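Have a look at the model first.

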Amino acid sequence: MKNLKSIIRKFTVCLCAVICLGANITMVASADEVEGSSVAIIEVQDYTIEGGMIEAGKEITVNLTLHNTASNANANSVLMTLSNSTGSLFPTYGNDNQVYIGTIVAGDTKTVSVPLTIGDNFMGSAVDLICDFRYETMNMSMNNTATVVIPTSGGSTIGVKSVDVSTHAIVNGKSLLSISYVNQSASNITDAVILVDGNVSSTSREIKLDTAYAGKSYTEDYYVTFTKPGNQEIGVSLQYTDTNGETVTTDLGTFGVTVSKENTETVQAKADNPILKWAGRGVSGLVLLATAAIIVIYIKKK
């Protein structure tokens, strides 16, 4: 009888332990589900680079796409602080390393453009950008950190070192666009084109580049024709098919150009000026008379 009571007592204790353990697992699982759906977490979903390849002393713009991973909680008063572990990446002159972003609603994204300068002593194949986020969500203060590692090539087959567009132009005149780039792959690129978005002629919207041979660097000059006067902005990008057969489009930046009117009125006035016209005719007549007189004198002497 004592053995039976002992067995029943042990069975009861084990059963209670199993029930408590099951209840605890259920509570933890429920807590995780609530936390995952109610607390905003900011992540860097994607990034792009404007300004070409990463080089010492160069200024670039990093476009960060920030994502709030929560399904039903906003991230409010988001403040992003930027830093670099090696001291080779810092804000451009006149800018701060803190960027106020505001609110990123649940499940949404927001793109932030940050102008940065590469240090003069930079050496290496990549540079890191550390993004520290501080914000408020569900009446709680939160912070998390994301790190972006940017390769010197920007991750592209064709690495663009620099792009330059003349800041002044004349309507229907040729304006210079210069580009310096390198084919970083082991294959030739034959279909690279520069795409120009703005008030430019149809022939200027797509400029075909010569074949970019594997491992070779190039510096080329091309021309863009503007169709309207005034302060213009053009967007420049590079498009080509990479070694994997995928179409790559790289944003090279936006450029401001002051376009002057074509000076046709002055040219027309000069062409139609009657005084100049008759003066020209008079000079021509005098030359003919002098020539005739010389001929007559020559004949008389014979």
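What follows covers the ground rules, then the sheet, the hairpin and the loop residue.

This is a predicted model, where local features need pLDDT of at least 70, side-chain atom pairs count only at pLDDT 80 or more, and totals for chains, interfaces and linings use all residues. Residues are numbered from 1 along each chain as its sequence is written, and side-chain values use heavy atoms, with hydrogens and water left out.

**The sheet**
- Four strands make up an open, antiparallel sheet that runs E5-E3-E7-E8; strands are DSSP runs of at least two residues, numbered from the N terminus, and two of them pair if DSSP finds at least two bridges between them.
- E5 and E8 sit at the edges with a single partner strand each, so one side of each has no neighbour in the sheet.
- On average, neighbouring strands here are turned by 20° against each other, direction ignored (axes are lines fitted to C-alpha atoms).

- E7 (residues 126-137) and E8 (residues 140-151) pair antiparallel over 12 bridges.
- Leu129 has Val148 in E8 as its bridge partner, while Asp132 stands opposite Thr145 in E8.
- Two residues lie between the strands of this hairpin, and Met138 takes a positive phi near 50°.

**Thr92 in its loop**
- You'll find Thr92 in the loop between strand E4 (89-91) and strand E5 (98-104).
- Thr92 is buried, at 8% relative accessible area (buried means under 20%, with a 1.4 Å probe and protein chains only).
- Beyond its neighbours within four places in sequence, Thr92 is in contact with Glu59, Pro115, Leu116 and Thr117 (contact means heavy atoms within 4.5 Å).

Definitions and conventions:
Buried means under 20% relative accessible area, exposed over 50%, partly exposed in between (1.4 Å probe, protein chains only). Axes are lines fitted to C-alpha atoms, for helices over the stretch in contact, and angles run from 0 to 180 degrees between N-to-C directions.
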